Amino acid sequence: PKVERGLGRVMHMLSRLIRLTPRTFPLHTQSFRPARLATLREAVIRVCDRSLSTRLTKIVATIGPASEEAAPLSRCVAAGLNVMRVNFSHATVEEFHLRRRNLRADAAGHLCAVMLDTKGPEIRMGGLRVCKETGNRKAKVTMTAGSQILLTTDAAWNGTSDEKTLYVGYPQLAEKLSAGSRVLLDDGLISLAVKEVRVDEGTVCCEVLNTSDIGERKGVNLPGIITGLPPLSEKDCEDIRFGIEHDIDMVAASFVRNAEGVEEIRRHVADCHRRYAAEAADTPPPLIISKIESTEALDNLEAIINASDGIMVARGDLGVEVPLEQVATWQKEMVSLCIDAGKPVIVATQMLDSMQSNPRPTRAEVADVTNAVLEQADAVMLSGESANGKYPDSSVATQAAIIEHVEGWAARRPDLARPFETTSGGALATAACALVHEATASAIIVLEDGDGAATRCVSACRPCVPIVSISPSAKVCRQLSVFRAVVPLLADSVTMEEGDLLAAAASVLSVEEAGGQAVLLDSTGGIRLLEFGE
């Protein structure tokens, strides 16, 4: 009787959802009825009034020289790595092959996704004379506060630059800047104020605002300037082709500035997938995760989210482009918009940065990860901590421990519960989550015989229980590993008996979670409530 009453309520909610338009359902809309809000919040409180031992928030870890060998990489996987990021700003073809081979050789790494992070179209300084003369590529020059420096686009200065004249590889530099503009070198290490622009000469006269040493070929940021750079460089196009040929699961696109750029990247990915993927007809192309790291991207944020498969809050370059005090609030804005749109969002950069050299993070870093989890980001990311640091697997384990504690604590705090308000998941996914709440089920099982769309819809509703997604496609399983709460499970077929389904779900859930009931969303759109065996 309890199940019948629950199903009755779910079908009633479903009928009301179908009659609603997407513009009238979100909580912030005035036409949303308080009675419905109260009902959903009570349901969320009931299902969240217990602790969870399966992490809902995923971990993306950059694998580099410190973690690419088989033993440390296996330890990272065991510690909780869900997605391996390979940064093609630095990685070579040989390093990619080594990292991918070692990941797939690990027994638990076969369903971990591989993310190729592009270098992206960027503006850089040229070479320094001191590096050329000494043969030391790490040699530096000192720029002194109050001194004058001339930025030039004349290629004759590439390799002969010094602290007075600096080559910048961006032909439109003088056309884009004006007196009063800011120029930032090496991730903001040195700030320049533009005093005079000589367009006919292709030069910009600047004042150095702070004293610091700087090496050659460092990045150049032009905050607030629409640079007009293409969405993909020649290197990016070749790297994506190479990655698809070797079965990457997602592309993190650097320096995305607008939705049109995302669409151009998608066309290139689709073309490469059709031409070079081993099983192009039977597998989906890599997901496109757009990295938000410029003021131009912030101006086009909602359009970029809609055009992308997911978003990365790339706080490194973003913190150079916008005032530092705005980074955290932009993060919250991006996470919220992605949740509303049903797109996965990854919070990245310096989350446990001190663990590059220390075995324990700072209290502020722990709080940073905590806030991302409480915001319900799909994933948190490690960069140098896992790629180059002294404690790569400890960094992953620390992040996992923080996530598990915070999610368990939040589950016992009904005032922090977020009702499944999004319409991006669709009516069936919302109804499945409603049944979880009504029956206080332990998990949602999705029979995924497509490209992962059904599972993504359920994840978009932000349920407080694991989503066991059973798919016959390893590629789909790996792509789903970045979505919040999803536990991918590879199976020969999705046409399984109920007992086999429950046994499969129980195999990837903890003992505590594999008890009671599970909501099943099958491939035909049916929703049922199943009982776990003793």
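A: Start with burial: a residue is buried under 20% relative accessible area, exposed over 50% and partly exposed in between, using a 1.4 Å probe and protein chains only. In this protein, 56% of the 534 residues count as buried. The model is predicted, so local features need pLDDT of at least 70 and side-chain atom pairs pLDDT 80 or more, while totals for chains, interfaces and linings use all residues. Residues are numbered from 1 along each chain as its sequence is written, and side-chain values use heavy atoms, without hydrogens and water.

Q: How many disulfides does a search of the whole structure find?

A: A disulfide is a covalent bond between the sulfur atoms of two cysteines. Here the criterion is a pair of cysteine sulfur atoms within 2.5 Å, and the search of the whole structure gives 0.

Q: Is C338 buried or exposed?

A: C338 is buried, because its relative accessible area is 0%. C112, at 5%, also counts as buried.

Q: How many helices and strands does the protein have?

A: Both are DSSP runs numbered from the N terminus: helices are H or I with at least four residues, strands E with at least two. The protein has 19 helices and 21 strands.

Q: What share of the contacts with a separation of 6 or more joins residues 24 or more positions apart?

A: A contact means heavy atoms within 4.5 Å. With that cut-off, the share in this protein is 69%.
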